[in-house]
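Open the model in your viewer and keep the selection panel at hand. Each stop says what to pick and what to look for.

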Amino acid sequence: FCLSRGLGDVYKRQTLRSMRSEQDSLKKRLEEVVKRANNDPLTGVKNITAYTEAVGELTRKIADKEEPEFAIVMCDVNHLKSINDTFGHQMGDRYIKNCSKLICKTYAHSPVYRIGGDEFAIILTGEDYAKRNELIDDIGERIVKARDIDNIENGKASLAVGMSVFNPYTDFSVATVAKRADDSMYVNKRMMEYDGTYN
């Protein structure tokens with residue numbers, strides 16, 4: 001009787017260990033699936049699905065009158081079509097990666113989203129929100145250096161950038177903040193074309 005009970009206890013422990021191990025394995029696989037579903041495969045940054053979820057969360061906070069502090073930065077990759085047409089899509093992909101790295105180096109504490117083929121968005125909160133004006137100057141300096149690099153293999157990149165800050169008194173949706181950031185980015189692009197820095 002004691003022996004069979006002892007064997008039963010051993011069997012239970014082994015079964016529990018096996019179940020825990022299987023549970024851990026399933027959890028890891030689920031995390032990988034979620035990560036793949038929310039990340040851009042080319043650049044490794046978050047994708048449009050993740051951006052939509054983040055916008056949904058901010059929208060809820062605005063509706064609940066929580067007055068979240070955030071800003072949105074919009075970035076548009078310059079010259080992607082001409083690079084794809086001239087050098088091929090493989091070189092275009094490398095160029096997109098260069099631009100993504102430049103953005104991520106600047107906004108190290110904020111989620112970066114690739115929301116289109118040549119478009120990125122960054123939602124600034126916390127530390128990056130507090131330093132938003134410094135960071136917009138910083139990315140401008142990085143763009144100047146990166147666009148002057150001789151070729152794409154060495155890290156050449158060029159972006160137009162715009163930022164907008166949420167105002168709880170005048171903004172009733174995230175979309176209005178994103179639209180202002182987008183408009184600001186296109187103003188930046190036109191200025192780059194006008195003053196000859198669009199290269």
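**Ground rules**

This is a predicted model, in which local features need pLDDT of at least 70 and side-chain atom pairs count only at pLDDT 80 or more, while totals for chains, interfaces and linings use all residues. Residues are numbered from 1 along each chain as its sequence is written, and side-chain values use heavy atoms, with hydrogens and water left out.

**Stop 1: the whole chain**

Colour by secondary structure. The protein chain has 7 helices and 4 strands. Helices (H or I, at least four residues) and strands (E, at least two) are DSSP runs, numbered from the N terminus. The order from the N terminus is α-α-β-α-α-β-β-α-α-β-α.

Now colour by accessibility. Of the 199 residues in the protein chain, 36% are buried. Buried means under 20% relative accessible area, exposed over 50%, and partly exposed in between, using a 1.4 Å probe and protein chains only. Next, turn to contacts, meaning heavy atoms within 4.5 Å. Among contacts in the protein chain with a separation of 6 or more, 65% are between residues 24 or more positions apart.

**Stop 2**

Select residues 71–77, which form strand 1. Because 7 of its 7 residues are buried, strand 1 is largely enclosed by the rest of the structure. Show the side chains. A71, V73, C75 and V77 point one way, while I72, M74 and D76 point the other way. In a regular strand the side chains alternate between the two faces of the sheet.

C75 stands opposite F120 in strand 3, and D76 stands opposite E119 in strand 3. A71 stands opposite V165 in strand 4.

**Stop 2: the hairpin**

Move to strand 3. Here 5 of the 6 residues are buried, so strand 3 is largely enclosed by the rest of the structure. Strands 2 and 3 form a hairpin, with 4 residues between them. Pick R114: its bridge partner in strand 3 is F120.

**Stop 3: N39**

Select N39, in the loop between helix 1 (2–38) and helix 2 (48–63). Buried or exposed? N39 is buried, because its relative accessible area is 18%. The N39 side chain reaches the backbone oxygen of G44 at 2.9 Å. Leaving aside neighbours within four places in sequence, N39 is in contact with G44, V45, K46 and N47.

**Stop 4: T106**

Go to T106, in helix 4. T106 counts as buried, at 5% relative accessibility. Its side chain makes a polar contact with the side chain of R142 at 3.1 Å. A polar contact is a pair of N or O atoms within 3.5 Å; within protein, one must be able to donate a hydrogen and the other to accept it, and residues adjacent in sequence count only if both atoms are side-chain atoms. Not counting residues up to four places away in sequence, T106 touches L135, D138, I139 and R142.

**Stop 5: the largest pocket**

The largest pocket has a volume of about 220 Å³. Of the 16 residues that line the largest pocket, the closest to its centre are G140, I143, V161, N188 and M192. On a 1 Å grid over the protein atoms alone, a pocket is an open set of points where a 1.4 Å probe fits, with protein on both sides within 12 Å along at least five of seven lines; lining residues have an atom within 4 Å of a point. Grid points are joined across faces, edges and corners, and a volume is the space filled by probe spheres set on the points.

Helix 6 gives the most to the lining of the largest pocket, with 6 residues. That lining divides into 9 nonpolar, 5 polar and 2 charged residues. Ala, Val, Leu, Ile, Met, Phe, Trp, Tyr, Cys and Pro count as nonpolar, Asp, Glu, Lys and Arg as charged, and the others, Gly among them, as polar.

**Stop 6: the second largest pocket**

The second largest pocket has a volume of about 180 Å³. Select its lining: N98, K101, L102, K105, R142, K145, A146, I149, G155 and A157. Helix 4 gives the largest share of this lining, 4 residues. By class, the second largest pocket is lined by 4 nonpolar, 2 polar and 4 charged residues.

Conventions. Two strands pair if DSSP finds at least two bridges between them.
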